[in-house]
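Biologist: I am new to this one. Could you show me the chain and take me through it by questions?

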Amino acid sequence: GVAAHWRYKEGNKNGDKEFDQKVAWLRQVLEWQDTSNPTELVNALKLDVFSGEVFVFTPKGDVVKLPIGSVPLDFAYRVHTDVGHHCVGAKVNGKIVPLDYTLQNGDIVDIITSKTGRPSLDWLNIVGSSESKSKIRNWFKRENKAENIEKGLDSLEKEAKRLNHNWKELCADNRLQHVTKQLKAGTEEEMFAACGYGGIPVSTVLLRLIELYKKSKEVEESKRSTEQIIEKLKSQGQKKTKNGTGVLVKGEAGVMVRMAKCCNPVPGDDIIGYITRGRGVSIHRCDCTSMGHSPEDLERMIEVSWDGSSGESFHVGIDIQAYDRAGILMEVMAVLSELKITITNINAKVQEDTKNVSINLVVDIRDISQLDFVMTKLRRIREVYTVQRSKGGA
């Protein structure tokens, strides 16, 4: 009642969740007062209120709250950071206990310190509080930086050797700097120091270095393979031989050549040859999506060019989209007839839902300039709204 009146006088009309929880706790304590057995009251307090924490006492009777699983070292660091750093032993309830003793509710803890005392790396595995671990790590950062740098670097080199890697090769090309940024460890020396005092696992640094090293090797191998292919093409010389297809294959006489049906190139297109198994050289447009880019595919590519004097004609697919109307197909065929273009295949389909018509043609074309001229003429037909080269060639 007094607490509620005080809150009213303070004007906190909206209420305070934490305050309400404390008032509810006080009400519960008042209910526990009705019990005739003091032991039951203490047990109820332990189970219902202190279930996630442990409460211990200093020799002077002050209460210290710690997480469950805490040890005397956690108590020492909670009292004061310097007490924790200089801790050399502990008494619980008047008896000397090891530093990894698990504290219980109601224990009276007395820390034994020494001016020469100092933290040990083993403490990181003993303490149960993250606050204590942070203070121990900070001590090692500040006090033993040079020693930690040396220790961390030595640990990294040994781990690299164990994994069959050369430490200097792993660190080349600023890879160590990249790993330092990835781990947000500050400078390289600070990362070495962190490895030395256990702040960053040595395995984490090594795994990231090895990953970067492998990626760089893959890039180098791909680059080397490409350079070898270029040198191979250069070494083939400038000799060009005809093969009756309108394409000149550089450096090889009597090579069987065929046009790739996936892109059906015509003179004027940028082309590349691909050496197939048993079918000679397949000619593709350079922008053909079916061409691979793996190291093996790159090795099979060969330089080719168009023979401008061959007079050959090539099959080319043309896709026409138009609004459906009577006689539109006849007009398309009339335009091609007027231009003396040979039609080798034609297919037309009306889309009932949109009242549009799709016309797919395969025609014989001499070169890219003639193809552009034909497509321009077709675009001028009334109701035609799209004319483009077939993606699949023909």
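Biologist: What covers the buried residues of α13?

Modeller: Bear in mind that this is a predicted model. The buried residues in helix α13 (residues 328-338) are Ile-328, Val-332, Val-335 and Leu-336. Their cover includes β13 (314-323), β14 (343-351), β15 (356-365), α14 and β16.

Biologist: Which exposed residues does the face of α13 turned away from its buried side carry?

Modeller: Exposed means over 50% relative accessible area. On the face of α13 turned away from the buried side, the exposed residues are Met-330, Ser-337 and Glu-338.

Biologist: Which residue with a positive phi follows α13?

Modeller: Helix α13 spans residues 328-338. The residue in question has a phi near 60°. That residue is Lys-340.

Biologist: Where is Asn-93 found, and is Asn-93 buried or partly exposed?

Modeller: Asn-93 has a positive phi, near 55°, though it is not a glycine. Asn-93 sits in the loop between β3 (87-92) and β4 (95-97). Its relative accessible area is 44%, so Asn-93 is partly exposed.

Biologist: What is the relative accessible area of Glu-383, and where is its place?

Modeller: Glu-383 is another residue other than glycine with a positive phi, near 80°. Its place is the loop between α14 (368-379) and β16 (384-389). Glu-383 is partly exposed, with a relative accessible area of 31%.

Now to the charged pairs.

Biologist: How many salt bridges does the count come to?

Modeller: The rule needs a side-chain nitrogen of Lys or Arg within 4 Å of a carboxyl oxygen of Asp or Glu. By this rule the count is eleven.

Biologist: Which strands does the salt bridge of Lys-65 with Glu-53 link?

Modeller: The closest N and O atoms of Lys-65 and Glu-53 are 3.6 Å apart. The two residues are twelve residues apart, and the pair links distant parts of the chain. Lys-65 is partly exposed at 43%, and Glu-53 is partly exposed at 27%. Lys-65 is in strand β2 (residues 63-67), and Glu-53 is in strand β1 (residues 53-57).

Biologist: In which helix do Glu-211 and Lys-215 lie?

Modeller: Glu-211 and Lys-215 form a salt bridge, with closest N and O atoms 3.7 Å apart. They are four residues apart, about one turn of the helix. Glu-211 is partly exposed at 45% relative accessible area, and Lys-215 is partly exposed at 47%. Both lie in helix α11 (residues 202-235).

Biologist: Arg-285 and Asp-287 meet in a salt bridge. Which of them is buried, and which is exposed?

Modeller: Their side chains meet at 3.4 Å, N to O. Buried means under 20% relative accessible area, and exposed means over 50%. Arg-285 has 16%, so Arg-285 is buried.

Methods:
Residues are numbered from 1 along each chain as its sequence is written. This is a predicted model: local features need pLDDT of at least 70, side-chain atom pairs count only at pLDDT 80 or more; totals for chains, interfaces and linings use all residues. Side-chain values use heavy atoms; hydrogens and water are left out. Buried means under 20% relative accessible area, exposed over 50%, partly exposed in between (1.4 Å probe, protein chains only). Contact means heavy atoms within 4.5 Å.
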